[in-house]
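Please read them with the structure open beside you.

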Amino acid sequence: MHPFALLRAHDATAAIAAHAQDPELAFIAGGTDLLGLIKDRATLPARLLDINGLPDMARIDARPEGGLSIGALARMSDVAVHPEVRKRFPVITEALLFSASGQLRNMASIGGNIMQRTRCAYFRDEDDLPCNKRRPGSGCAARHGLNRNHAIFGWSDVCVATNPSDLAVALAALDAHVIVRGASGERSIPFSEFHRLPGTTPATETVLKRGELIVAIEVPPSPEGRASHYLKLRDRQSYEFALVSAAAAVAVDGRRLRSVRLALGGVAPKPWRLTAAEAALSGVSLDDPGALARAIAASFGDARPLAHNAFKIELAQRVALRALQIAGERA
Amino acid sequence: MSETRRAELGEQRVAVALTVNGRACRLAVEPRTTLLDALREDLALTGTKKACDRGECGACTVHVEGRRILSCMTLAAMQEGKQITTIEGLEHDGQLHAVQAAFIEQDGFQCGFCTPGQIMSAVAVIEEAKAGWPSAATADLQRPISLANLSKAEIRERMSGNLCRCSCYPNIVAAVAEAATRS
């Protein structure tokens, strides 16, 4: 593995200052994505700052008003099995339990999960194939290469990669906020604004700036939280990234949808919220699958397939429909 | 690499104190040394296997503070003060752990390369079920799970992070089920 120096952080202010001053320093928490990237030479930091020793950053607080505060250093397993997370937001527990493996969920932090980088095979390739994320200006090997796993929404000619996080899809649907601390204090970033579309600068994947540290995720209370579901389709039954996934949460009046939260994974460079479909679904009966499907289609007018992934346009609509129906059964 | 060569490269050595299988160990490792490489190369505990080295196969599974993790995806220097258990730490006074015995009884391996990781994972799977942890195969997230409802589907899902290229999966599932019954 590429050599680096390792430092240990004991205090968040000092850690943030160190990160701000040093463009070759990276934070490390669980390490399950970062060490793989270093082994694949997709990123080569000179220094790693181990933030696992920072105090009070692994807490999971179930707020009295119905929301959650999840510390950035909480592990995926701890969040997934937390009784109040399971009860208030099953979509979060399911998104986590359908991710990775038992071993990785015990290691990986929540802050790291939403920072994880794409699984595009060209980006990860040790042979350094053209990739504008890896080496800006080198081209995109996936644009006209093997792109079955790539995006149908939000891609550009310089990058067609998808975001691999399942949790991020659930958090986008729930309008979570990312709480970030920098030298001048904290800011709260709405989840849908946290990840960027690639445009002409795909190497910049989030709005985080150097010298900023994710300290927590805040999930607001929502009437749809309890009737929620995460549905993930993949090429094997378990321990695989999503081909297409959907997070759905609903509130109902009888069998009619009163309000809907719906986001897709595996189809875009960021969690893809289906806002047009959400609006169109309001008032539709859960017993009318045709009407549900037509409302979901409202968000697919701007879907653009690549050479090998046109099937995702139909698949994603069916996954969204099924997720919605299962969430509806929980209402 | 010699110490002189390391010094020429200006490589840092990090002092780390760990407890491995109940024994206190002090190491001076390069920062980039994974826990896996420290166990195998520095402590000569070669029971833990190195296969993919990318967190994809589970062969390097060990326990840190009683939880299963992948030793290839963490740095030794990040484990300061931690209690680590490897496959060598399961047997006591010549008595195999119930999961080890069940793997022999059920013929849960062929070449054996993935077996230490499978067994370390299985020991933790049983503890996670005892603690009521649900999995992606759990039908109702609101109801606590116990060892009594650790079905074959549950075992398959919970063991999915451990690959076996000889494909002994049916016997591995049987071994975990047997060990769970005995626990």
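1. In this predicted model, chain B is divided into two parts, domain 1 covering 3–89 and domain 2 covering 98–182. The centres of domain 1 of chain B and domain 2 of chain B, taken over C-alpha atoms, are separated by 25 Å.

2. Where the two domains of chain B meet, 14 residues of domain 1 are in contact with 11 residues of domain 2. On the domain 1 side of this contact, the elements that give two or more residues are strand E3 (61–64) and strand E4 (67–70) of chain B, and E3(B) provides the largest share, with 3 residues. By residue type, that side of domain 1 of chain B divides into 6 nonpolar, 5 polar and 3 charged.

3. How are the two strands named in the previous point, E3(B) and E4(B), paired? They pair in the antiparallel sense over 4 bridges, and they form a hairpin with 2 residues between them, in which the turn residue Glu65(B) has a positive phi of about 50 degrees. Within this pairing, His63(B) has Arg68(B) in E4(B) as its bridge partner. E3(B) also pairs in the antiparallel sense with strand E5 (residues 83–85) of chain B, over 2 bridges, and there the bridge partner of His63(B) is Thr85(B) in E5(B).

4. Turning to the contact between the chains, 27 residues of chain A are in contact with 34 residues of chain B. On the chain A side, two or more residues come from each of strand E1 (5–8), helix H2 (34–39), helix H4 (83–88), helix H5 (90–97) and helix H6 (102–107) of chain A. Among these, H6(A) gives the most, with 5 residues. The chain A side as a whole divides into 13 nonpolar, 10 polar and 4 charged residues.

5. Chain A also holds an open sheet of 4 strands in the order E9-E10-E11-E12, with antiparallel pairing. Strand E9 (228–233) and strand E12 (272–273) of chain A stand at the edges and have a single partner strand each, so one side of each is left without a neighbour in the sheet. Inside the sheet, strand E10 (residues 244–253) and strand E11 (residues 256–265) of chain A run antiparallel and are joined by 9 bridges, with Leu264(A) in E11(A) as the bridge partner of Ala246(A).

6. Which helix packs on this sheet by touching E9 and E10 of chain A? That helix is H5(A), whose direction makes about 20 degrees with that of E9(A). Helix H9 (residues 166–173) of chain A, for its part, lies across E9, E10, E11 and E12 of chain A and runs at about 150 degrees to E11(A).

7. A further strand to inspect is E8 (residues 213–219) of chain A, which is mostly covered, with 6 of its 7 residues buried. Strand E5 (residues 68–71) of chain A runs antiparallel to E8(A) and is joined to E8(A) by 4 bridges, while strand E6 (residues 177–182) of chain A, also antiparallel to E8(A), is joined to E8(A) by 5 bridges. Glu218(A) in E8(A) stands opposite Ser69(A) and is also opposite His177(A).

Methods: Residues are numbered from 1 along each chain as its sequence is written. Chains are lettered from A and ligands numbered from 1 in the order in which they are written. This is a predicted model: local features need pLDDT of at least 70, side-chain atom pairs count only at pLDDT 80 or more; totals for chains, interfaces and linings use all residues. A residue is buried if 20 or more other C-beta atoms lie within 10 Å of its own, exposed if 12 or fewer, and partly exposed in between; C-beta atoms are placed from the backbone. Two strands pair if DSSP finds at least two bridges between them. Domain bounds come from an automatic or database domain assignment. Two residues are in contact if their C-beta atoms, placed from the backbone, lie within 7 Å. Ala, Val, Leu, Ile, Met, Phe, Trp, Tyr, Cys and Pro count as nonpolar, Asp, Glu, Lys and Arg as charged, and the others, Gly among them, as polar. Axes are lines fitted to C-alpha atoms, for helices over the stretch in contact, and angles run from 0 to 180 degrees between N-to-C directions.
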